Amino acid sequence: MLNLVLFGAPGSGKGTQSAKLIEKYGLHHISTGEVLRDHMKRETELGKIAKQYIAEGQLIPDDLMINILDSVLEQEAKGKKGVIFDGFPRTIPQAEALKELLRKYDSDLHAVVGLEVPEDELVERMLNRGKETGRADDNLDTIKKRLDVYHSQTSPLRDYYTNEGKYLKINGSGNVDDIFNTISDAIDNHKK
Ligand code: AMP
């Protein structure tokens, strides 16, 4: 399996680039944010719990999030060429759990694509997305909280994966297709 993590701050383009990578490499996409939004839409018990955290810009607790990913993988990963993890892991315990989970499939993580985008551009992109899609957590107040959470809880994963030799640093500013080409080259060169 070719398993990739799409890593970056909220608004860094993970969803956009995932869609293009799936097409090119024939991978299966798992976005934990989308999984949670789907539960919220269907008003499941999990959706009700998730809604409170998401509205506050906070992360869903690790134990719960890891259990959710475990069951999504069980339903969706079998027989796939690989998975793109979009929005997971977001903490060190989640990264440790991902290692364990992939071991169940005799697999591991190939690379972590890190989209790096200046903060003012992130805010602008999320405000635009909020206007276009009506996504409730794309408002200035929640965006600021999400960025704080990213810096304190998620960004340490950059060093974690750099130490493992898996972090591919990508300039995530500019034209979507140019960024995609840079990512593809980085993945292909990393394979060799
Ligand atoms: P995203 O669509 O990836 O920006 O995620 C939207 C929101 O869902 C986040 O702000 C978190 O509240 C929650 N969420 C998504 N993925 C995770 C995760 N791996 N761990 C904890 N919370 C998450």
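Student: In which sense do strand β1 and β3 pair?
Tutor: This is a predicted model, where local features need pLDDT of at least 70, side-chain atom pairs count only at pLDDT 80 or more, and totals for chains, interfaces and linings use all residues. Residues are numbered from 1 along each chain as its sequence is written, and side-chain values use heavy atoms, leaving out hydrogens and water. Strands are DSSP runs of E, at least two residues, and helices are runs of H or I, at least four, numbered from the N terminus; two strands pair if DSSP finds at least two bridges between them. Strand β1 (residues 4-8) has three bridges to β3, and the sense is parallel.

Student: What is the bridge partner of isoleucine 30 in β3?
Tutor: Strand β2 (residues 28-31) runs parallel to β3, joined by four bridges. For isoleucine 30, the partner in β3 is phenylalanine 85.

Student: Which residue of β3 points the same way as Phe85?
Tutor: Buried means under 20% relative accessible area, exposed over 50%, partly exposed in between (1.4 Å probe, protein chains only). All of Val83, Ile84, Phe85 and Asp86 are buried. Ile84 and Asp86 point one way from strand β3 (residues 83-86); on the other side, with Phe85, is Val83.

Student: Where do the buried residues of α1 fall, seen down its axis?
Tutor: Lys14, Gln17, Ser18, Leu21 and Tyr25 are buried in α1. The arc is taken from the directions from the helix axis to the C-beta atoms. The buried residues line one face of the helix, because they fall within an arc of 105°.
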